[in-house]
Amino acid sequence: MSVPAARVANGATPAADVLGVDALTCRFGGVIAVSEVSFGVRPGEVFGLIGPNGAGKTTLFNLVTGLTTPTGGRLRYQGRDITGLPPHRIAALGIARTFQNVRLFGELSALQNVMIARHVRTTSGLVSGVLGLPSARAEERVTRQRAMALLELVGLADRPDEQGRNFSYGDQRRLEIARALALEPQLLLLDEPAAGMNSGEKRGLSELIRDVRARLALTILLIEHHVPLVMDLCDRIAVLNFGQLIALGPPAAVQKNAAVIEAYLGDEA
Amino acid sequence: MPAFLAAYDFLLVSMVLAAVLALSLYVPLMAGQLSLASPGFYALGGYIAAITSTRIFPTASGLYPVSLVILEMVVAALASAVLGLLVGVPALRLRGIFLALATIAFVEILRVVSLNLDVTGGAIGIFGVPQPFASQIQYMWLGLPLLGLCMLFVARLERSRTGRALVALREDELAADAMGVNPTRYKVLAFTVSAMIAGVVGALSAHFINTWNSRQGTFDTGVSLMAFVLIGGSRTFVGPVVGGLVLTALPEALRGVADVSGLPAWLAQFLRDGRLIIFGVMIALGTVFFPHGLITPGVLQRRGRRRADRS
């Protein structure tokens with residue numbers, strides 16, 4: 001966990017941060033989706049990421065989870081350089097995510113969806129699994145139990161055998177959260193978790209996120225358009241516009257920031 | 001019964017071997033990878049058995065030892081695994097139709113190589129592969145246990161951590177990757193298992209059909225195997241097994257129909273020789289009307305429930 005002194009001194013983020021984003025840049029051809037963005041996410045906080053459509057929020061998530069390789073800059077997770085690692089390695093280190101346009105394993109049951117994400121926390125291989133060795137069977141039992149417990153946590157325990165694609169949009173988002181939690185992450189990335197939910201579901205979601213963070217000692221990075229939810233949940237907020245970080249701070253301060261009002265809250269302010 | 005077994009001995013064993021080959025195609029498909037490489041490994045296994053039994057352990061007279069056949073099957077499995085790894089690592093960077101094309105090319109390369117090597121007997125191939133049994137139906141002693149083992153293997157695989165990783169890749173590779181499943185690793189694993197199964201069947205087949213040449217295990221075989229899986233069902237191991245059994249028997253059944261008097265000559269001819277055309281049409285219609293094949297987990301569950309209701 002030790003970090004070279006030089007890096008701590010130079011970097012924009014101290015080693016205590018769970019996630020350190022340092023001058024991160026991502027270019028697609030001539031388009032700069034993320035431009036020299038730097039910030040640090042502190043342990044245990046809910047860190048909001050907001051900005052108009054096309055500001056680069058989801059691209060930033062893709063960079064952090066390894067789905068997109070950055071053109072420049074560094075990513076540090078718990079003091080470790082994770083820039084350029086493939087997604088499954090980053091997942092194994094403890095970063096889990098949900099997707100803006102829900103990517104469940106649609107044909108599989110809710111329970112299987114969650115069980116799959118236990119992959120990196122289990123070890124039985126091809127041979128022990130097929131032979132049904134005692135170790136593999138015990139592991140399978142625990143995997144099933146934990147998956148059921150997570151379905152219970154998100155309120156879907158009554159339909160474990162239902163195919164993922166048969167759930168309502170809101171329930172699919174909750175199932176995705178359960179799947180992400182099965183990975184036992186320390187850092188959870190939620191990409192517009194409230195999209196498509198009605199106001200009752202949104203309130204439930206806020207409670208769920210708070211509950212989960214407290215219970216599992218999580219750090220949460222959250223993209224969300226629904227402003228009341230963001231203001232209510234987040235400890236700090238970063239605002240992106242055209243790929244650039246234009247503001248960073250507690251919700252109240254960000255809300256008053258002139259650049260933010262112009263770029264994002266313009267109409268509502 | 002003995003008369004039936006004697007009359008259809010070749011067909012019955014062929015059905016069993018086809019079912020195993022269909023499982024070989026099914027395993028990569030679990031991970032969403034349409035690989036048509038199985039005929040290549042089938043050909044490789046056949047050559048290994050044919051060369052071993054005619055050149056290395058030639059038997060002057062009497063039956064060829066069954067233990068040596070089993071040894072050949074094991075060697076074929078290992079050789080196929082090695083070649084599978086070598087081919088799989090680069091080939092599985094390709095997706096969908098490009099992977100299918102690359103595997104077809106692989107099968108074609110093996111065919112041309114075997115056509116031009118001395119050790120494989122060139123265009124003539126290898127004749128007189130020795131027989132371990134006095135009658136063909138006795139190949140069931142090896143064929144049935146092989147089918148049983150492979151079915152058991154795939155059935156248990158489907159319920160294991162590894163099987164879940166494969167299915168996750170089929171459903172959404174990107175999401176599976178983000179959930180910690182290494183796509184390359186599991187695709188190569190599935191491809192290698194598939195290669196081993198095909199190699200073993202090839203080794204047994206070389207004895208069974210007594211001769212081996214470059215016409216065994218070609219693209220045509222690949223089309224048939226694809227028909228077995230896509231029509232039988234690609235969402236549970238039962239699908240390819242039933243597909244392999246039934247569709248191998250189908251041409252014989254059609255031949256029976258063709259012999260019915262009164263049919264126009266062209267129709268009788270088509271029923272006799274149009275196997276690949278019929279399979280092709282079935283694949284085309286099947287993918288439209290039964291995208292997951294005739295036997296799906298849903299069908300099996302409904303049957304199970306009905307049985308439970310009755311008792």
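Start by selecting B:Leu204, which you'll find in helix α9 of chain B, the stretch covering residues 183-208. Before you click further, keep in mind that this is a predicted model.

**Stop 1: a leucine in chain B**

Is B:Leu204 buried or exposed? B:Leu204 counts as buried because 26 other C-beta atoms sit within 10 Å, and the cut-off for buried is 20 or more. Now show its contacts. Skipping the neighbours within four places in sequence, B:Leu204 touches B:Leu17, B:Val69, B:Met73, B:Leu142, B:Gly143 and B:Leu146.

**Stop 2: helix α5 of chain B**

Next, select residues 96-116 of chain B, which make up helix α5. How far apart are its end C-alpha atoms? They are 31 Å apart, which agrees with the 30 Å that 21 residues should span at 1.5 Å a residue.

Colour the buried residues of this helix: B:Leu99, B:Thr103, B:Phe106, B:Val107, B:Leu110, B:Arg111 and B:Ser114. They cover an arc of only 135° around the axis, so they lie on the same side of α5(B).

What do the buried residues of α5(B) pack against? Their partners are three elements of chain B: α3 (38-56), α4 (66-91) and α10 (219-232).

**Stop 3: a valine in helix α13**

Jump to B:Val281, in helix α13 of chain B (residues 275-289). This valine counts as exposed because it has 12 C-beta neighbours inside 10 Å, and 12 or fewer is the cut-off for exposed. B:Val281 and B:Ala227 are 54 residues apart in sequence, while their C-alpha atoms are 9.6 Å apart in space.

**Stop 4: where the chains touch**

Show both chains together. How many residues does each chain bring to the contact? Chain A brings 28 residues and chain B brings 21. On the chain B side, the elements giving two or more residues are α6 (140-158), α7 (161-171) and α8 (173-178). Select α7(B) in particular, as it gives the most to this side, with 7 residues.

**Stop 5: chain A as a whole**

Now hide chain B and zoom out. Chain A has 11 helices and 10 strands. Its radius of gyration is 19 Å, close to the 18 Å that the globule rule gives for 269 residues, so chain A is as compact as a globular protein of that length. Along its principal axes, the C-alpha trace spans about 60 × 45 × 35 Å. Of its 269 residues, 45% count as buried. Take the contacts in chain A with a separation of 6 or more: residues 24 or more positions apart account for 67% of them.

**Stop 6: a sheet in chain A**

Look for the open sheet of 4 strands in chain A, with the order β2-β1-β4-β5 and antiparallel pairing. Which strands are at the edges? They are β2 and β5 (80-81), each pairing on one side only.

Select β1 (residues 19-28) and β2 (residues 31-41) of chain A, which pair in the antiparallel sense over 7 bridges. Within this pair, A:Leu19 stands opposite A:Val41 in β2(A). The hairpin has 2 residues between the strands, and A:Gly29 takes a positive phi near 60° there. Then bring in β4 (residues 72-77) of chain A, joined to β1(A) by 5 bridges and running antiparallel to it. Here, A:Gly20 stands opposite A:Arg76 in β4(A).

**Stop 7: two loop residues**

Finish with A:Glu192, in the loop between β7 (187-191) and α8 (199-216) of chain A. Its phi is near 50°, a positive value in a residue other than glycine. A:Glu192 is buried, with 20 other C-beta atoms within 10 Å.

Then go to A:Ala217, in the loop between α8 and β8 (219-223) of chain A. The phi of A:Ala217 is near 50°, again positive in a residue other than glycine. Is A:Ala217 buried or exposed? With 10 C-beta neighbours inside 10 Å, A:Ala217 counts as exposed.

Notes. Residues are numbered from 1 along each chain as its sequence is written. Chains are lettered from A and ligands numbered from 1 in the order in which they are written. This is a predicted model: local features need pLDDT of at least 70, side-chain atom pairs count only at pLDDT 80 or more; totals for chains, interfaces and linings use all residues. Two residues are in contact if their C-beta atoms, placed from the backbone, lie within 7 Å. The expected span of a helix is 1.5 Å times one less than its number of residues. The arc is that of the directions from the helix axis to the C-beta atoms. The radius of gyration is taken over C-alpha atoms; the globule rule is 2.2 Å times the number of residues to the power 0.38. Two strands pair if DSSP finds at least two bridges between them.
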